[in-house]
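Q: I'm new to reading structures and would like a close look at one part. Could you walk me through how the helices pack together here?

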Amino acid sequence: MARFLAVRLSLIVLTLVLVSVAIFIAGEVLPGDACTKKLGRFITPDSYRACMAEWDLDRSAPVRYLDWIAGVDPGDGSGGVILGDFGYSFNQLRPVTEVIGHRFWYSVTLAVIAFFAAVPTAVLVGIWAGVRPDSIGDRIVSAVAMVGISLPEFVTGSLLILILASELDLLPTLSTIAEGETPLTNPKILVMPVLTLTFVVFAYIMRMTRANVIEVMQSNYVRTAILKGIPMRRVVLRHAVPNALLPTISVVAQMSGWLLAGLIIVETVFSYPGLGQLLLASINADDQPLLQGLVLIIAGAYTVGNLVADLLYAYLDPRIRYA
Amino acid sequence: MASPAFTGEIYTGVVRSAGASLSAVGRGLRNFLRLALGTTSGRIGLPIVLAHAFVAIFGPWLAPYSPTDIRAEHQFVAPAWKQEFLSVGKYVIVAGSETLQALDNGVLSEEFRKGFAVASPLSNLTDAATVSTVQEGSSWTLNQPGAAPYEVTTIEGSKRYWFGTDNYGFDTFSRTLAGARSLILISLCGALLGIFLGTVVGMGSGYKGGKIDEVVMRIVDAMMAFPGLLLTLLILVTLGDRDAPWGWLNDQWTNVLIVITVGIVFLPGISRVMRSITLKAKNQEFVMSARLRGESAAYIIFREILPNAMTVLAVELAVRLSYSILIVSSLGFLGLGPEPGTADWGVMIGEGRTYIADSPWIVLAPAGAISSLVVGVNLLADGIRQASGLPREITS
């Protein structure tokens, strides 16, 4: 187990290093350098040089990369990414960590609530539908899940706004957060974003669980258990479900990636001030340091999510651990 | 699960044939139809997909208006089905606003305002005129607010926009029809590129085996550890603003980038599936005998093993197509795909959501189109998978 953990952890570090190099190079090849854009038509050779010097852009790319990651240049007082310092935002002239600020927790709040609303219900409904395939109930649930995997988040979100906010007037159209408030002090704004994310995640996990349960229920050992006269309830819960849930766990890990991608869209649909919305804003504003920091944070969250799922999988399935 | 009408023979190597003749194409089509129509899902999904394909090909000719036909005076016109409220009767112009008001009831409803917008090209309104028909092309000038009542008898013009018009004054129906082609084409190209790359990498790596396989699979693992939409965003941001490497490509450069990124995002998942098929087929007799005949690796991979994977590829293609539609339309919605104002479903929803409270049809038409397309593709994928008895694999 220790070796397994060591291999997985080193893979995470490797992935993050690759991501950081990739995102840095992406910034390098952007057309037109940052200072030309920033100064706009007020540009003079002097102001350009001053700007380049101020943002350390006059030095070679490898030096700047190392400074960004490890803060090797003591002059600018930056500690580097490894110490949690992501540098300064170009446009807002504040530290990236300050710009991100509460938004990180707002996004986490949204993702965590959606995750815990969707996964248990999806697994339960999946098991329920899987033990009675092709019944009326199964068909209805499967149809709902089919719609869930087919509707893009921005369509689901827009329809929810139309029905719940615009027509029925139950909820606010936009999920903005006022000064001095948090999502939890005004939970109304969370309802539609959570519903949108939950619908997608529910559909995928429910389909996966259902398919696995159907497959396991047809296996010989479950048939034996049924023929032995063990009550059906016990057959399902003790014999079938533990095996059927194993592949579901890896899908749950993939869902963490879907959730992150979904956040970008859902936060845009509802104007929810989270990381996804900030990412899009930093893209539109050409704010490289902010964009780089956000991508690293999102990639980090994604890989950690994958690691947790891997560990859970290995814990539940000894074949992986000792392979 | 429904009993499979056709048990898959993909791993046993029965369907292999070397001849790429016309009869092979016919047989492939027959096989596909048998699989697609073998289950209820497929029987519902295939017609939906075919209908969308029809619109993608012929949409621009079916559309009542050109998607570039902007009429500023026709903004936010309500769709035909929303206009029952504008009944025959007497109306007055409310002072200071461009609205008509029913004479006998003082309250002006929101619906009424929209209905009026439809009736806006009222023909040459003059004082106390009786509007008998509404003619196309005539403009509305509000010269005397609070003038004498106008009598509206028929509103022919209101039937002109089935799904209303949007914030530009485009006909929503025409714009939706026109949006099918680019979305389906880009998504299909992305999915096909992913299938191609994944097949080459997966089958090559699996067939060669050894160190090469080891290294390639580690790289594939690393690629899987990166969220797809994020990768797509980054590539578009980095390369999207630049000029295309070849001038003639400039118009399509964003689309080309989207296709390439979707292909790269799909590579790891597909290559894993194709690798496992190759590994299973590798030690079977028909591959052995081909090897003993002295056939090249490429021949064995593409002419001996690949034909056995066609069913899997058909399912993969359908599943990937649905993902790819979701990605491509999401990019349009986020404003990173086609230009604003383009006839693209994602762009339409992204622009229309600002006006969703007053003019929901701007969003509803493309939303319905995109939803039905993806549902159709997913149903088709499910149908083929069930009919061919393939295991239900969730791919990423």
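A: Let's start with what "touching" means: two residues are in contact if their C-beta atoms, placed from the backbone, lie within 7 Å. Keep in mind that this is a predicted model.

With that in hand, take A:Val201. Leaving out residues up to four places away in sequence, A:Val201 touches A:Ala114, A:Phe115, A:Ala118, A:Ala122, A:Met255, A:Trp258 and A:Leu259. A:Val201 also belongs to the largest nonpolar core, which has 162 residues. Along with A:Ile205, A:Val295 and B:Ala318, A:Val201 touches the most other members of that core. The biggest giver to this core is H8(A), with 19 residues.

Now follow B:Ala318 into chain B. Helix H10 (residues 310–334) of chain B and helix H12 (residues 361–387) of chain B have axes that come within 8 Å and cross at roughly 160°. Angles over 145 degrees count as roughly antiparallel, so that's what H10(B) and H12(B) are to each other. The crossing of H10(B) past H12(B) is left-handed. B:Ala318 is one of the H10(B) residues making the contact, and on the H12(B) side you'll find B:Leu373 and B:Val377, among others.

Finally, look at where the chains meet: 42 residues of chain A are in contact with 37 residues of chain B. On the chain A side, H10(A) gives the most, with eight residues. By class, that side has 32 nonpolar, nine polar and one charged residues.

How values were computed: Residues are numbered from 1 along each chain as its sequence is written. Chains are lettered from A and ligands numbered from 1 in the order in which they are written. This is a predicted model: local features need pLDDT of at least 70, side-chain atom pairs count only at pLDDT 80 or more; totals for chains, interfaces and linings use all residues. Axes are lines fitted to C-alpha atoms, for helices over the stretch in contact, and angles run from 0 to 180 degrees between N-to-C directions. Helices (H or I, at least four residues) and strands (E, at least two) are DSSP runs, numbered from the N terminus. Angles under 35 degrees count as roughly parallel, over 145 as roughly antiparallel, 65 to 115 as roughly perpendicular and the rest as oblique. A crossing is left-handed if the near helix is turned anticlockwise from the far one by less than a right angle, and right-handed if clockwise. Ala, Val, Leu, Ile, Met, Phe, Trp, Tyr, Cys and Pro count as nonpolar, Asp, Glu, Lys and Arg as charged, and the others, Gly among them, as polar. A nonpolar core is a set of buried Ala, Val, Leu, Ile, Met, Phe, Trp, Tyr and Cys residues joined through C-beta atoms within 7 Å. A residue is buried if 20 or more other C-beta atoms lie within 10 Å of its own, exposed if 12 or fewer, and partly exposed in between; C-beta atoms are placed from the backbone.
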